[in-house]
Structure formats: C-alpha cells, structure tokens
Amino acid sequence: MPIKIPDQLPAKEILKNENIFIMDEDRAIHQDIRPLRIAMLNLMPTKITTETQLLRLLGNTALQVEVTLVRTRTHQSKNTPEEHLLTFYQTFDQVKEEKFDALIITGAPVENLAFEQVNYWDELVTIMDWGLSHVFSLFYICCGAQAALYHQFGIPKYPLPAKQF
C-alpha cells in the first residue's frame, strides 16, 4: 500500500525512483480506507535525509500510511532550511490535540550532553508524556530511545568508547 506524503516533499522523487508506492494528497482523499496515522518527531540535524530513510521503511507496508512530520518549537535547526520546516513540519503545539496510531521520535547528536542540557529537553519531555495518552504505539530511535529510558525509568546514559548498534 502507499504512503501519503506532501506533494512537494524532497523525499518524494527519491522514493518514486526506488519504486516505493507513494500517493499524493488528492488521490489519498478518494481512498475508502482509514490510513495508519504516524507522527514523526524528527530531531536529527539532517532532517531531509532522516525523513527519506524512515519514509522508505514505512512505504513498504501493506497499509496506507499518513505521516505528520513534527518538530520542536524550542530548537532552531541549523542544517535544514527553515522553508522546508515551515512547509512540511508542524510544531507540537499544532498537533497536540490530535490522536495518532504511532509516534516515532528520532535521535539527535546529543550523546555528550546531559539530557537536561539539551535546549529542547522540556518540550521533548512534554511530547513523550503526551504520547502516552494520545498515541497507540511509541517508537524511539537511537538517542530518542535513551531519552525515553531516562525520562520514564531514570536510566542514565553510559559513555562507551564507540557507537553501539
């Protein structure tokens, strides 16, 4: 089944060239099926690359998937054009009244900072707490998983000599 994404999202052409079944918004409206609604809080600095990677995976499902790209209000991205963020992303304040089938929270390169030193930590905590009541399934990636373990269970980060997978 297809993944529904905005018509002008840069990932669209990449995914089309990889034969990932994508659907434009006009066609999706005419489908007689409720799509799986996924919010993606993309904390990675290279947002376009990350959204393409995750959309590629989500596009290989038997379900129609509708993705809402979310960003924090309290962090200014240095590596993604502001125009891209304003066009394709919503802030948490814009989606907090909605319900989703899933929430994906990506990682970010903050492994050397204490969680409380991350400039959007308070907003991230709010989003993680919100997810417990507004989202059916939560999926944390990389440092997003570490943040969730710390916030929900008090499990700290442990520095390692090399990145672990």
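With which residue does Arg71 form a salt bridge? The partner is Glu82, and the closest N and O atoms are 4.0 Å apart; a salt bridge is a side-chain nitrogen of Lys or Arg within 4 Å of a carboxyl oxygen of Asp or Glu. Arg71 lies in strand S4 and Glu82 in helix H4 (residues 82-88), so the pair joins parts that are 11 residues apart in sequence. Helices (H or I, at least four residues) and strands (E, at least two) are DSSP runs, numbered from the N terminus.

The model is predicted: local features need pLDDT of at least 70, side-chain atom pairs count only at pLDDT 80 or more, and totals for chains, interfaces and linings use all residues. Residues are numbered from 1 along each chain as its sequence is written, and side-chain values use heavy atoms, with hydrogens and water left out.

**Salt bridges**

| Pair | Closest N to O |
|---|---|
| Glu66 and Arg37 | 3.3 Å |
| Arg71 and Glu82 | 4.0 Å |

Arg37, Glu66 and Glu98 are linked in a network of salt bridges. Glu98 lies in the loop between H5 and S6 and Arg37 in strand S3, so their pair ties together parts 61 residues apart in sequence. Arg37 is buried, with a relative accessible area of 18%, while Glu98 is partly exposed at 26%. Buried means under 20% relative accessible area, exposed over 50%, and partly exposed in between (1.4 Å probe, protein chains only). Arg71 is buried at 14%, whereas Glu82 is partly exposed at 32%.

**Helix H6**

Helix H6 (residues 121-134) has 14 residues. Its buried residues include Trp121, Leu124, Ile127 and Trp130. The buried residues of H6 pack against several elements, among them strand S3 (36-41) and helix H7 (143-153).

**Pockets**

On a 1 Å grid over the protein atoms alone, a pocket is an open set of points where a 1.4 Å probe fits, with protein on both sides within 12 Å along at least five of seven lines; lining residues have an atom within 4 Å of a point. The largest pocket is lined by 25 residues, and Cys142, Cys143, Gln146, Lys163 and Gln164 lie nearest its centre. Helix H3 (47-58) and H7 are the elements that give two or more residues to this lining. H3 gives the most, with five residues.

Notes
The expected span of a helix is 1.5 Å times one less than its number of residues. Contact means heavy atoms within 4.5 Å.
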